[in-house]
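User: I've got a structure to go through with you. Can we take it piece by piece?

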Amino acid sequence: MPVGLKHLIQCRCILPTMKNRDNAPLHKFKVFSIQDKNQIIEKLVTCNNCGIVHRVHEVCKSEILHNVEGTKSSVTIEDISLMLPETVLSVLNSYEKELPDFEHVKFMIDENKVGDFITLSQEFNDGRKTGKVLKYKGNSRFEIEPFSRSEVL
Ligand SMILES: [Zn+2]
């Protein structure tokens, strides 16, 4: 059974807001991958800051590909949107979710991952984490559910 996971990969660029700092950290961004039989299915993703293309071949590991144009070789939110039901699409857009969440939602529908969810919004207050998730109910149906739980730090 394939599973979907989100992980961070590191680019060679630095966010504009960090540029003036000494030892500014290299930019990291979230990607969605499908893992099957303990192996990540290789894919190309475009850095959301500098636009360079990465070949993602392991969890948290990627290799930069030069001379590859991102818009032609990696999936975009626009592409995924064409394949999602209107209702869930408007939820994703109204919560300003990013590409990995769009991909995860498509994966839940494709693989019928009932019970899988993405986080729509969350906040931390007095040791509690509260927010809302978008949970898959099967048959291309989703529900928004609030949650609240204490976080042990
Ligand atoms: Zn970059």
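User: How many residues of domain 1 are in contact with domain 2?
Analyst: Eight residues of domain 1 contact six residues of domain 2. Keep in mind that this is a predicted model.

User: Which strands supply the domain 1 side?
Analyst: β1 (3–10) and β2 (28–36) each supply at least two residues of the side that touches domain 2. β2 gives the most, with four residues.

User: Where are the domain bounds?
Analyst: The domain assignment puts domain 1 at 1–74 and domain 2 at 75–153. Their centres, taken over C-alpha atoms, are separated by 21 Å.

User: Switching to cores. Which residues make up the largest nonpolar one?
Analyst: Nine residues in all: Leu-92, Leu-99, Phe-102, Val-105, Met-108, Ile-118, Leu-134, Tyr-136 and Phe-142.

User: And which elements give two or more residues to this core?
Analyst: α4 (99–111) and β8 (128–138) do. The largest share is from α4, which contributes four residues.

User: What about another core?
Analyst: There is another, lying apart from the largest one. That core has five residues, including Ile-9, Val-31, Phe-32 and Val-45.

User: Why would such residues group like that?
Analyst: As a general point, nonpolar side chains in soluble globular proteins tend to be buried together.

User: On to sheets. What is the order in the one with β1?
Analyst: The order is β1-β2-β3, an open sheet of three strands with antiparallel pairing. β1 and β3 (39–40) are the edge strands, each pairing on one side only.

User: How many bridges join β2 and β3?
Analyst: Two bridges, in the antiparallel sense. Gln-35 has Ile-40 in β3 as its bridge partner.

User: Which helix packs on that sheet?
Analyst: α4 packs there and touches β1 and β2. The direction of α4 makes about 15° with that of β2.

User: Which strands form the sheet with β8?
Analyst: Three strands in the order β7-β8-β9 form an open sheet, again with antiparallel pairing. Its edge strands are β7 (117–125) and β9 (141–150), and each pairs on one side only.

User: How are neighbouring strands turned against each other there?
Analyst: By 20° on average, with direction ignored.

User: How many bridges between β8 and β9?
Analyst: β8 and β9 pair over 10 bridges, in the antiparallel sense. For Arg-128, the bridge partner in β9 is Ser-150.

Conventions. Residues are numbered from 1 along each chain as its sequence is written. This is a predicted model: local features need pLDDT of at least 70, side-chain atom pairs count only at pLDDT 80 or more; totals for chains, interfaces and linings use all residues. Domain bounds come from an automatic or database domain assignment. Two residues are in contact if their C-beta atoms, placed from the backbone, lie within 7 Å. A nonpolar core is a set of buried Ala, Val, Leu, Ile, Met, Phe, Trp, Tyr and Cys residues joined through C-beta atoms within 7 Å. A residue is buried if 20 or more other C-beta atoms lie within 10 Å of its own, exposed if 12 or fewer, and partly exposed in between; C-beta atoms are placed from the backbone. Two strands pair if DSSP finds at least two bridges between them. Axes are lines fitted to C-alpha atoms, for helices over the stretch in contact, and angles run from 0 to 180 degrees between N-to-C directions.
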